[in-house]
Amino acid sequence: MKGRTQRPELHPELCGICHVCQDGCPGRVFPDLSFESDTIRARVTKQGQSSGKPAQPPCRQACPIGQDIPGYLSRIAAGDPYGALAWILRYNPFPAVLGYVCHHPCEKACISGSFQRPPAIRDLKRFASMAKRPEVRRYSGPSKGRIAVIGAGPAGLSAAWALSRSGVQVTVYESAPAPGGLLTWAIPPFRLPRKAVQEDISYILQHGVVLKLNSYIPSNELKSLQAQYDAVILACGASDSRQSEIPGSDLPGIWSGLDFLREMAFGPVLSINPPVMVIGGGNVATDAARWAARLTAQVVLLYRRDRADMLAYPEEIDAAADEGVELVFRWQPVDFEGDARNGVQQIRIQETSPGREGKDGRRIFTPLFGTKKTVPVRTVILALGQERNLTKWGEALKTGNDSFNQSNSSAQWIYTAGDIVTGPATVVEAIAGGIGCADRILREVFQ
């Protein structure tokens, strides 16, 4: 690249893997560029200096797993997707999965976004994941010990991967007939192809991880399991639906969002009666609405706030609208009407209005007096959020629920990872939790 031109010229044939951007973006490496006027380099440099020179590029700082993004992007740019995938796998056991469903905070952190569209980092990861995978070199030294993992979701499998690479024998217990946790059944295949999940899990198991399916571990057997291993990781996720307090929620024809997605993944294809109303604003709501739209034409997604307040990914909201889902904002359910024989027949809803800011920083929407109306429905899907089932584990360990907000519970050598620690979070955050938990075990148990 010509160093002092108003319009930098990139010559790919001369660009090698110099690793400059691993220590800081080029605009931050040369602070004198900030004295230029009306150039892109000056804008980038000034923006970088405003927050101080980082130890890592901002994209890597924003990534929950600390993925070396410049490292694999430079290899893709050099025409080496195989090398890019090998580089990704140094940090990340789920490249194919994250190539589809990562919420890509790295793209938002890229300082190039102030003057152009940032690189499509997630899509480039997906491209790299399609390359031939390098041969797994299993650990050949003496075993360091034995670890049990309860839960074969992204957190549990990531912890197993990180530990097995370091010489620990890992056994993963999963109550379901297939591994992957919510990756396998809560995210529809039109958003996350099952082949991508299978490829990543197969890669993890090649490291010597032992997987035991259909193996439910009751909380009262945790002590017995603890006696057989050097440590136990609880990575059970947050797969329980938040219970609804809306009158009539127990009528036939009313599903929780997670139960609906589970049936669509494992059971025979459901036959649902229109019109369908999905209530909620998260990814479970949009996923359920998009599934329902594939079964019938009359699907409405009802949300009590504005579109900008939805927790679902913007691209998923757009996809739902493109697929025929009607989006209705600033209305909330009051009660459901029907009977045990005929199921739900109609829903009473009420308009809402934005008010003051709540403790979570989001606006509180309150119902407007005199705005109730009745709408006919035959199927309702309540996507009101997910919960962690902490009580049973807390009772088994004789600890309070607060201990699950830490990586290591107060019980000796019982560790926790993923959603059971953080509450419902993103896939990449669950993966980061699993890898972080493995790192702590290596320090504290096998030091």
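Residues are numbered from 1 along each chain as its sequence is written. In this predicted model local features need pLDDT of at least 70 and side-chain atom pairs count only at pLDDT 80 or more, while totals for chains, interfaces and linings use all residues; side-chain values use heavy atoms, with hydrogens and water left out.

Helices (H or I, at least four residues) and strands (E, at least two) are DSSP runs, numbered from the N terminus. Two strands pair if DSSP finds at least two bridges between them.

Met277 has Val380 of β14 as its bridge partner.

Five of the five residues of β8 are buried, where buried means under 20% relative accessible area, exposed over 50% and partly exposed in between (1.4 Å probe, protein chains only). Val299, Leu301 and Tyr303 point one way from β8, Val300 and Leu302 the other way.

**Sheet with β1 and β4**

Another open sheet of five strands, with parallel pairing, has the order β3-β2-β1-β4-β16. The edges are β3 (210-212) and β16 (414-416); each has a single partner strand, so one side of each lacks a neighbour in the sheet. The twist averages 20° from one strand to the next.

Strands β1 (residues 145-150) and β4 (residues 231-234) pair in the parallel sense over four bridges, and Val232 in β4 is the bridge partner of Ala148. Helix α10 (residues 154-165) packs on this sheet, where it touches β1, β2 (168-173) and β4, and its direction makes about 165° with that of β2. Helix α19 (residues 427-444) also packs on the sheet, touching β1, β2, β4 and β16, at about 155° to the direction of β16.

**Helix contacts of α6**

The axes of α5 (residues 69-77) and α6 (residues 81-88) come within 7 Å and cross at roughly 170°. That makes α5 roughly antiparallel to α6; angles under 35 degrees count as roughly parallel, over 145 as roughly antiparallel, 65 to 115 as roughly perpendicular and the rest as oblique. Gly71, Tyr72, Arg75 and Ile76 of α5 meet Pro81, Gly83, Ala84, Trp87 and Ile88 of α6. By class this contact has six nonpolar, two polar and one charged residues; Ala, Val, Leu, Ile, Met, Phe, Trp, Tyr, Cys and Pro count as nonpolar, Asp, Glu, Lys and Arg as charged, and the others, Gly among them, as polar.

The axes of α6 and α9 (residues 121-129) come within 8 Å and cross at roughly 105°, so the two helices are roughly perpendicular to each other. Pro81, Ala84, Leu85 and Ile88 of α6 make the contact with Lys125, Phe127, Ala128 and Ser129 of α9. These residues divide into six nonpolar, one polar and one charged.

**Aromatic pairs**

The structure holds three aromatic pairs, two of which are tabulated below. Rings of Phe, Tyr and Trp (its six-membered ring) pair if their centres lie within 6.5 Å; planes under 30 degrees apart count as stacked, over 60 as edge-to-face and the rest as tilted.

| Pair | Centre distance | Plane angle | Class |
|---|---|---|---|
| Trp255 and Phe260 | 6.3 Å | 75° | edge-to-face |
| Trp413 and Tyr415 | 6.4 Å | 10° | stacked |

Trp255 is partly exposed at 26% relative accessibility, whereas Phe260 is buried at 0%. Trp413 is partly exposed, with a relative accessible area of 30%, and Tyr415 is buried, with 0%.

Terms used. Axes are lines fitted to C-alpha atoms, for helices over the stretch in contact, and angles run from 0 to 180 degrees between N-to-C directions. Contact means heavy atoms within 4.5 Å.
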